[in-house]
Structure formats: C-alpha cells, structure tokens
Amino acid sequence: MRCQDLRQCGQKLVRRRPLKPREGSEGRMSRCLNTLDLVALGVGITLGAGVYILPGEVTRNKAGPAIVISFLVAALSSVLSGLCYAEFGARAPGSGSAYLYSYVTVGELCAFITGWNLLLSYAITIASVARAWSSTFDSLIGNHMSRALRGTFPLHVPSFLAKYPDFLALGVVLVMMGILVLGARESALVNKWFTGINVLVLGFIILSGFIKGDLHNWQLTEQDYALAAAGSNDSSSLGPPGSGGFAPFGFDGIFQGAATCFFGFVGFDAIATTGGEAQDPQRSIPFSIVVSLLICFLAYFGVSAALTLMVPYYQIHPESPLPQAFLHIGWGPARYVVVVGTFCALSSSLLGTMFSMSRVTYAMADDRLLFQGLAQIHPRTRTPIMAILASGTLAALFLEFSNLVDLMAIGTLLAYSFVVISVLVLRYQPDQKLSMKEKTENEIGTSEREASPLESVPEAGISRILKSLCDPISTNPTRKSGQIVYGCSSLFSSSLTLAVLLLMILTMILAQRSRYVFSGDPAYTTVAVLLLLLIIGVTVIIWRQPQNPSPLTFRVPALPVLPLVSIFVNVYLMMQMTSGIWVQLGIWNVIGFAIYFGYGIQHSLEQNNGQQPPASTFQALDENIPGTESS
C-alpha cells in the first residue's frame, strides 16, 4: 500500500498540463497588445536603471574601455536563452512564461518551482527598482527625505533589512498597481511613453559621446594615469589603472565584466508572459524577444562606448557615471536630461515587471497551484485584479529587505535553465499520440527497462544498439527516439551535476592555489577530460536523433549545442553566488513547497485529468501551430 501511495504521489508530481485552453478560460483577458507593445515591454524592463549605472561600475573596476566587448559576450549569452524563449513563444503562446513551458514539458513540480522562483525574482526586482526610484528623487532634493525618515523612524535592524521605511517607494508601487488595474491597453500605452523617452535620452547620450569623445581614452598609458593623479586633489578617487590600453585588466577583466553585464539583459522573458493578451502571440512573441534583445545590446554597447570615450576609465564615477561624464566634458546642463531618462527607465522597468509578475501569478492560480482567488478577472477591464494586488503586496514586503539582487538573479537563471531543457526535450518528440498504456509507462517509468531502446532488443548486441542510437532508421521523431532523448537528457543532467561540483572545487582552488592548477595537475585534468568526453558522447547521441518537423515561426538553431551551452552558462553564473544566497533561496522554496503540498497538489486542475503524457502534450503544441495537422 505504501509503495502504491508513493507511486500515486510520483504521478502527481510529474503530471503535465495540456496546452489547449481549458473550457471557460479562453478569452477571459483582452487580446489587445500588438508587436510594438511587446517590444516596448521587453526594452522597458531590460533597459532599467542598469543602463545608467552598470557601465560605470564595470568600466572602472573590471573591464575598462573593453566593456563594449563584455556587453557583447553578455548579449551572446542572453541570446542563448532568448532563442529558447522565442521558440516556446511560437509553440506555446499562453500566459505564464517559463512556468507554462515547464508545465507542458517537464511536469507539475518543476513548473511550480519555476513559477515560484520567478515570482521571487519579480518581487525583488520591483522592490529594488522602487527603492532606486525613491533614492534618485531623494538625491535631487539633497537627501532631505532619507535623513528625515531616519530621524523619525530610527531602526536598529540587521544588515539585510532596510535602514528606514521607504514610503515614497511604497507609493510608487501603489501608483503602478493602479495603472495596471486600468487595463492592459492603458498600461501598455503608459509603458510605451516611458520607454520611448528613455530610448531618446540614451540616443542623446550616445550621440554626445561620439561628438565630444576622444579616441585617446581607449589608448591610455601609465603616464596618463600619473598625470591624472598629479592633477587630482584626491588621488583616491581614481580607479585602478591596470595595464592601460583598450583592455587594461586583460581577458579576465573582460569576462568578469561580462558576468556582471549579463544581468543587465534580464527582463526579455517578460514578453513571454503576454501570451494571453497578445493579438498574434505565435508571431509577435518570438519577434519581440529577438528585437528587444538587439535594441538593448545596441543601447548598452553605445552608452558604454560613449562613456569611455568621454571620460578616462579610471576617472569614471561608479555611482553616477553619466552625469559626472557630462560635467567632465563641460556639458553640465545635460545632467538633467540624464535624470529624466533615469526616472523614465525606472518607471517603465517597474511597470513592466509588475505586469509580468501578475500574469505569472494569475497563470499559477488559474491552474490551482496557487490559491484560486488569485485568478479572478475584473469584468470590465479584463485584468487579473487579484493577482495584481497580491503581486504588489508581496513586492511591498520586499521593500524592507536590502542587498537581494543576487537572489533575484539566481531565480531568473533557474527559470532560464528550465526553459532551455524544455526546448531540448520538446524538439525531439513525435507528433503521434501514444496509447494510454504506453503513455503511462513513459511518464511514470514503471516499464522503462522494457520500453527502453537500449534494452528492448538485447539479442542485437552492442553494435546494433550503438547503431540505433547514432544512426536512427527514421528521419522523423518516434517514440523510441523520444525515449532516447529523455534518457540522454537525464544522463546529461547527472553529468551537469558532476560538472557543477567540479566547478565549485576548481573555483575555490583557483582563488587560492591557481599555480598548481595551471601547472597541469593530473587528477583534475583526468576528471575534466573524462567528463567532457561523456558530455560530448551524450550530445552526439541527442544530435543524431530526428527532430520534430512541425513548421514554426521561429526555431532555435544549432540544436542541441546551443541549449547545452546555455545551460552551462546559466549554471556557471549560479555557482558564483555565495552560500548565504543559496540559503535564502532554500528558505523561499520551503515556503513554496508548503503551499504546493498543502494546497496545490490537491487542488490542481490536472487532479482529475490523469497523467498528462508527453505525446499528448506535444500533439497539443503542434495543433496550436498554424499550418500543422494532428496525426
């Protein structure tokens, strides 16, 4: 009996959601967002305050003028995940973003983890941007507001809590909630205005840099640094000189800068949450993701180039680089243009992030993984009003915390990784439906050995097995080839786990005993080579399997290489986080598991639908693609 209970519990954890809209859920929200609205949403969130702050800190301390290369590397890393989001936007145009994609391919528990951590990322982003909005305004009035609040509410709190209650930040969040409640069309219009002004200001900054810039600032020497130090009243205000030139901190600085710059591109995934309100989601979502990433890269690249051309990299102010740069070139009044752009960037980022968070909350509540009341739609504005209110309230709670940016990043990277894995699995699945017996065996794995292509014909011998793996007979996906990819994906995940552990060990050694590593220690070299060979072998097997030929408006190129590279990049960046960040993430997920196992697993709409098999899920995906027919 206990084994049967465990089996039933396992079935619930891996059950999948059919993509077809449930009865009564179609058309609940208004499809009023066009492609321009989606591009403005992605650009508005991504080009937040980071574009005004990030180039200064990275240029001064990590990359120098080579920050333009750092942003190029970061953009390429972001594109790896962006392409996977784009393909899923073409296949699964619904609200929920990575949560929905995980639900229809990986299973319910993974989907809940993805959605729950997305909510964490969004809440922290909203709180951080709201506090930045308040801090920017406070700096304009001489910091009188913060001093008054500290004097009125003297709080003796731990370092991870805010030093004073920020009522202005709370007010900004409430205003944005009010705009969202008015309707998707109205909030998209406000976001377009904010984003448009922000882009115009960035264009002005880039043009100013090319007019007043000096190419010599990309060729600085140690003598230039000595002259700057001699002419400065406070030599400690100068940054480190490095070795001078275009890349004063070498390739290490470029890649360290790229790791920081990567988080400047976080936000494009918000476009994928608009599937329930976009007019033509299967076309507009992939197009908008690609275009928004391109626009953001050009903006980051242009602003960084302009900044380093106007000011020597070691003289850049890390906290307010652009206003100080205009003072340096004698264009003092231009600082106020930068201030206007900063407020518009913060406002568009805040509005877009709250929009995305409310849609993910609505999608999870509509599936009953979160409380059903959060899925309530306002009858007139056709917006998820309870999800908007709940999202704003949760974000307001995070206003009392500080230094949570790394926690936001790790939640986003986790969602990116699930989406990439989902695309990898989805592309190799067949169109035809399986029988209920086959589907149950494939999902639960009770008859995995009987159904496995590696053991179904033991008399064939090793050579025939290898031939079936690396040279499949059929050019179209079959049940057998789909099982091969599932098995190889699990093997790759195990290999990836081992790679992560090795990476953690190597990171600690590189920090303390790098000379022993680069001298060619045989133990580390052997382990790394064996692991690399294993991953290459699994990748080749997956690559040799036939792919699903269903026509799409967008498909990820170079499968399976690009998704696997994206997974490695995401995991590597997650491994840069401290142990304290992982503890905080664990506490958040313990709260989520309490909600899921106490409510979601019992009230899920898939409770009475039985196990959702891979084939029926992918069949539903293909039926939603124009020009395809069901088998």
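These exercises work through a helix, a surface patch and a chain end in a predicted model.

**Exercise 1.** How far apart are the end C-alpha atoms of helix H3, and what would a straight helix reach?

Solution. 
- Start with the length: H3 covers residues 50-63, which is 14 residues.
- The expected span is 1.5 Å times one less than that number. A straight helix would reach 20 Å.
- In the model, the end C-alpha atoms of H3 are only 16 Å apart. H3 falls short of the straight-helix span.
- Now look just past the helix. Gly64 follows H3 and has a positive phi, near 70°.

**Exercise 2.** Which residues of H3 are buried, and what covers them?

Solution. 
- Apply the cut-off: buried means under 20% relative accessible area.
- The buried residues are Val51, Tyr52, Leu54, Pro55, Gly56, Val58, Thr59, Arg60 and Ala63.
- Their cover includes helices H4 (67-91), H9, H11 (250-261), H12 (281-310), H13 (321-328) and H14 (334-366).

**Exercise 3.** Which helix gives the most to the nonpolar surface patch?

Solution. 
- List the members: Leu189, Trp193, Ile197 and Val340. Together they have about 400 Å² of accessible area.
- Helix H9, residues 184-212, gives the most, with three residues.
- Take Ile197, which is found in H9. Its relative accessibility is 32%, so Ile197 counts as partly exposed.

**Exercise 4.** Is Leu397 buried or exposed?

Solution. 
- Exposed means over 50% relative accessible area. Leu397 has 53% relative accessibility, so Leu397 counts as exposed.
- Ala127 is 270 residues from Leu397 along the chain, yet their C-alpha atoms are separated by 8.2 Å.

Key: Residues are numbered from 1 along each chain as its sequence is written. This is a predicted model: local features need pLDDT of at least 70, side-chain atom pairs count only at pLDDT 80 or more; totals for chains, interfaces and linings use all residues. Side-chain values use heavy atoms; hydrogens and water are left out. Patches are made of residues with over 30% relative accessible area and no salt bridge: like charges are joined within 9 Å, nonpolar side chains (Val, Leu, Ile, Met, Phe, Trp, Tyr) within 5 Å. Accessible areas come from the Shrake-Rupley method with a 1.4 Å probe; for residues, only the protein chains shown count as cover. A salt bridge is a side-chain nitrogen of Lys or Arg within 4 Å of a carboxyl oxygen of Asp or Glu. Helices (H or I, at least four residues) and strands (E, at least two) are DSSP runs, numbered from the N terminus. Buried means under 20% relative accessible area, exposed over 50%, partly exposed in between (1.4 Å probe, protein chains only). Contact means heavy atoms within 4.5 Å.
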